[in-house]
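User: Hi, I'm new to reading protein structures and could use a hand. Can we go through this one bit by bit?

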Amino acid sequence: MPKIELHRHLEGALRLESLVDIAETHNIMMPEYEVETLRPFVQVLPNQPRTPQNFIGKFSTLRQFYLSPEIIQRLTREVVIDAAQDNIKYMELRFTPNTLCKIIKCDPADAIKWVCETALATAQEYDIEVGLIVSVNRHEGVDVAEQATDAAIRLCHYGIVALDLAGVEAGYNASTFKHIFQKGAEAGLNITLHAGEWEGAQSVWDAVGNVGAERIGHGIRAIEDPGVISILKERGTVLEVCPSSNVDSGAVPSFDAHPLRELIDADLKITINTDDPLVSNITLSDELVRAMQYFDLTLDDIKKHTMTAAHAAFLSDDKKATLVKRFHKWLYTTED
């Protein structure tokens, strides 16, 4: 089935085998250079606690691998290929320049170029359309966010479609970054913010009401406030829901406790995504199957949410109309 992914982080979608190869080639210390040795450090395993600390800890390990432009380009290429092989036809891939720059101390603009050029070239080769989203972390501060945003605005012709705010929610209001995202919006970039993942419905309101987010990454805690639900419906705000990630990160204690079904029943615009395929050990196909298993969704429901994603894509009106038309044909045209 052709699919759309609106919420996937480059840094959480890498291949284990490639990381082992990079570690061995560049002498990153490991007890042994084997996939199963590395796996517990970058993936949430069945016997590990589902807590924010354990989940975020995976990225502490992953940040050690961005040792050269060539590595960043290799990993980007592989992420796009893996999505194409899962029959994802349209993907918005978000990445955090500051994360990619930490070890090699490069300019954020350089990291943005490496990712964007590689992603677009690979997408053309593998018959997948990719839009790039430049992400900044709340907990890394306004100065870092401003630097990355300014670079994204200068380089928006490299296929950058939006800005994103991620990172630690607690203690870091989205409204602190309002002026930065306004600058991006004035330059023509779309806005999607992580909110309502670990913090409550007020975080969702902050992102939508104060900053003007068009889409919300996760947003599941919105269900706690009928007023926020009403605002999301009124504005047509789209939620990028990632059920497996929400369980693995401890945002919810289990699939049974996940509010996806309630959000759907509230008539919100819902898309289903992976977030971090490596960390959760899933593909988007896996995630859609789980949505059917745990939330009593039918194949028609999956098609509906896929079409919601098509309509929510950060594309120009004409390109979006083409995407919607293509997916409608793929999902609803029966050939004799």
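User: Which residues are exposed on the other side of α16?
Analyst: Asp318, Lys325 and Lys329 are exposed on that side of α16. Exposed means over 50% relative accessible area, buried means under 20%, and partly exposed is in between, using a 1.4 Å probe and protein chains only. Helices are DSSP runs of H or I with at least four residues, strands are runs of E with at least two, and both are numbered from the N terminus.

User: Before we go on, what sort of model is this?
Analyst: It's a predicted model, where local features need pLDDT of at least 70 and side-chain atom pairs count only at pLDDT 80 or more, while totals for chains, interfaces and linings use all residues. Residues are numbered from 1 along each chain as its sequence is written, and side-chain values use heavy atoms, with hydrogens and water left out.

User: Ok, back to α16. Which of its residues are buried?
Analyst: Leu323, Val324, Phe327 and Leu331 are the buried ones in α16. They sit on the same side of α16 because they cover an arc of only 100° around the axis. The arc is taken from the directions that run from the helix axis to the C-beta atoms.

User: What covers them?
Analyst: The cover includes strands β1 (3–9), β2 (88–95) and β3 (129–137), plus helix α15 (299–312). Contact here means heavy atoms within 4.5 Å.

User: And how far does α16 reach?
Analyst: Helix α16 spans residues 317–332, so to speak 16 residues, and reaches 22 Å from its first C-alpha to its last, close to the 22 Å expected at 1.5 Å a residue. The expected span is 1.5 Å times one less than the number of residues.

User: You mentioned β2. How many of its residues are buried?
Analyst: Eight of the eight residues of β2 are buried, so β2 is largely enclosed by the rest of the structure.

User: How do the strands line up, parallel or antiparallel?
Analyst: β1 and β2 run parallel and are joined by five bridges. β2 and β3 also pair in the parallel sense, over six bridges. Two strands pair if DSSP finds at least two bridges between them.

User: Which residue in β2 stands opposite Lys3?
Analyst: That's Ile88. Further on, Leu93 has Leu132 in β3 as its bridge partner.

User: New topic: aromatic rings. How many pairs are there?
Analyst: There are four aromatic pairs. Rings of Phe, Tyr and Trp (its six-membered ring) pair if their centres lie within 6.5 Å; planes under 30 degrees apart count as stacked, over 60 as edge-to-face and the rest as tilted. Take Phe255 and Tyr294: their ring centres are 4.2 Å apart and their planes are at 10°, so this pair is stacked.

User: Where do those two sit in the chain?
Analyst: Phe255 is in the loop between α11 (243–248) and α12 (260–265), and Tyr294 is in helix α14 (residues 284–295). They are 39 residues apart, and the pair links distant parts of the chain. Together with Phe295, Phe255 and Tyr294 form one aromatic cluster.

User: Is that pair buried or exposed?
Analyst: Phe255 counts as buried, at 14% relative accessibility. Tyr294 counts as partly exposed, at 40%.

User: Which residues of α14 are buried?
Analyst: Leu284, Glu287, Leu288, Ala291 and Phe295 are. They fall within an arc of 100° seen down the axis of α14, so they line one face of the helix. What they pack against includes β1, β2 and β8 (269–272), along with α11, α12 and α15.

User: Which ring does the charged end of Arg215 sit over?
Analyst: It sits over the ring of Phe314, 3.8 Å from the ring's centre. A charge counts as over a ring if NZ of Lys or CZ of Arg is within 6 Å of the ring centre and within 35 degrees of the ring normal.

User: Last one: what does Leu232 touch?
Analyst: Leaving aside neighbours within four places in sequence, Leu232 is in contact with Val204, Val208, Ala222, Thr237, Leu239 and Leu268. Leu232 is found in helix α10 (residues 226–235) and is buried, with a relative accessible area of 2%.
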